[in-house]
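Here are some notes for a colleague who has not seen this model before. Please read them with the structure open.

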Amino acid sequence: MEHHDTIVIGAGPIGLETAAGLLAHEHSTLVLDSGPIGSTIATLFPPATRFFSSPDRLEIAGIRCPTFAEEKANREEYLAYLRGVVDTLSIPVRTFHTVRDARATPSGFELEVAERSGRGRRFSARTLVLATGGMGRTRALGIEGETLPHVRHDLGDPHQYHGRRVLIVGGRNSACEAAIRCWRAGADVHLSHRGPEVNERVKYWIRPELLALIEEGRITAYPESVPARIDREQVTLHSLSGEAPIPLEVDDILLMIGYEHDPQLMRQLDLPLDPVTLAPTFDERTMETSVPGLYVAGTATAGTQDRFRVYIENCHVHAQRIASAITGIDGTTISEHRRLEES
Ligand SMILES: Cc1cc2nc3c(=O)[nH]c(=O)nc-3n(C[C@H](O)[C@H](O)[C@H](O)COP(=O)(O)OP(=O)(O)OC[C@H]3O[C@@H](n4cnc5c(N)ncnc54)[C@H](O)[C@@H]3O)c2cc1C
């Protein structure tokens, strides 16, 4: 069994920032992640996707995030940035280490971990931080045919859709951006969404272009519709406005209807969760939960979010609160300590 003072589960931006805060105070810390560094961004962002947030708001541990042409960072730039932060601050991270089981013990926590190869490992820690994010599971429609091989929940590389008939389901940013990118990649794009029109909250640099493409007949939209059944040959859209069902012959179906929080580890650790969002309860000042020594950080604090209210830019403070609570040194002193070391 390998022991560390603190283990952070999750090498996303906020897990890394929390580890950085603890390491700044020479507190023995290890980060475990089931995927690569920044796994949510690496796996859920299609290639070259740009963040909505400006780079200064995505910066962690006070390290600048320069971008090509001073634009908003894209997926590749930010992943390179995260790797740079890990190397610069020597944050110990074990990637492709999935925490399968976690339990509290009288002296802290014990974790059962599976490596990518399937090899099992055991870790123990005095304190544990769950920075496991809020997008661990894809949302399901619960309809027949949803698991067929031509149906997926993300976009992937738009290049693959050239010359194909693609149905995109969803009315939020990801679905709307996917529709535009697939069209640009040479796909015949169909977009099914529940609302009577493209959602007004879709980002201002996506919505006008999508509306223009729909108006020009380059993308076909099916407002007030939801898929009712998927076959290998066709998908049937059910009309929410009482029209006749719409049969569509398509090659690929992208169900871009969002993600859910995976509460498995929190349940294993007996954390009380909100019945609807599955968000854990915790002390806002310290980020400690009702289980002594167990902290939560980042988007994991919000459970499943219908509209993003908790994201990278308003989670930086979690890292500082946790470092202060665990080391007993207040946040200002930690920042001061870092500044003095740098000068
Ligand atoms: C297309 C898209 C665009 C977005 N744009 C923005 C934006 O502009 N600004 C913004 O702030 N946010 C944006 N987001 C959301 C952003 O991805 C999250 O806010 C951010 O990743 C949250 O960081 P985090 O550290 O809290 O969690 P995450 O980055 O989700 O990290 C959680 C980590 O925990 C790991 N993990 C989970 N369970 C286990 C386990 N059992 N064992 C080991 N590891 C585990 C995961 O692999 C993951 O790496 C966007 C999301 C998408 C999909």
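1. Val151 has Ile253 of β15 standing opposite it. This is a predicted model, in which local features need pLDDT of at least 70, side-chain atom pairs count only at pLDDT 80 or more, and totals for chains, interfaces and linings use all residues. Residues are numbered from 1 along each chain as its sequence is written, and side-chain values use heavy atoms, with hydrogens and water left out.

2. Strand β8 runs parallel to β15 (residues 252–255), and 2 bridges join them. Strands here are DSSP runs of E with at least two residues, helices are runs of H or I with at least four, and both are numbered from the N terminus. Two strands pair if DSSP finds at least two bridges between them.

3. Which strand order does the open sheet have? Its 5 strands follow the order β8-β15-β9-β10-β11, with parallel pairing. β8 (151–152) and β11 (220–222) are at the edges; each has a single partner strand, so one side of each lacks a neighbour in the sheet.

4. β15 also pairs with β9 in the parallel sense, over 4 bridges. Ile168 has Leu254 in β15 as its bridge partner. Both faces of β15 are covered: Asp252 and Leu254 are buried on one side, Ile253 and Leu255 on the other. Buried means under 20% relative accessible area, exposed over 50%, and partly exposed in between (1.4 Å probe, protein chains only).

5. Helix α1 (residues 13–23) is mostly covered, with 10 of its 11 residues buried. Among the buried residues are Pro13, Ile14, Leu16, Glu17 and Leu22.

6. Glu76 belongs to helix α4 (residues 75–88). Its relative accessibility is 33%, so Glu76 counts as partly exposed. Glu76 and Gln160 are 84 residues apart along the chain, and their C-alpha atoms are separated by 19 Å.

7. Where does Arg172 lie? Arg172 is in the loop between β9 (165–169) and α5 (173–184), and is partly exposed with a relative accessible area of 44%. Together with Arg201, Arg307 and Arg309, Arg172 forms a positive surface patch. Patch residues have over 30% relative accessible area and no salt bridge, with like charges joined within 9 Å and nonpolar side chains (Val, Leu, Ile, Met, Phe, Trp, Tyr) within 5 Å. A salt bridge is a side-chain nitrogen of Lys or Arg within 4 Å of a carboxyl oxygen of Asp or Glu.

Technical notes:
Areas by Shrake-Rupley, 256 points an atom, 1.4 Å probe, with all protein chains shown as cover. Lys, Arg positive; Asp, Glu negative; His and termini not counted. Charge placed at Lys NZ, Arg CZ, Asp CG, Glu CD.
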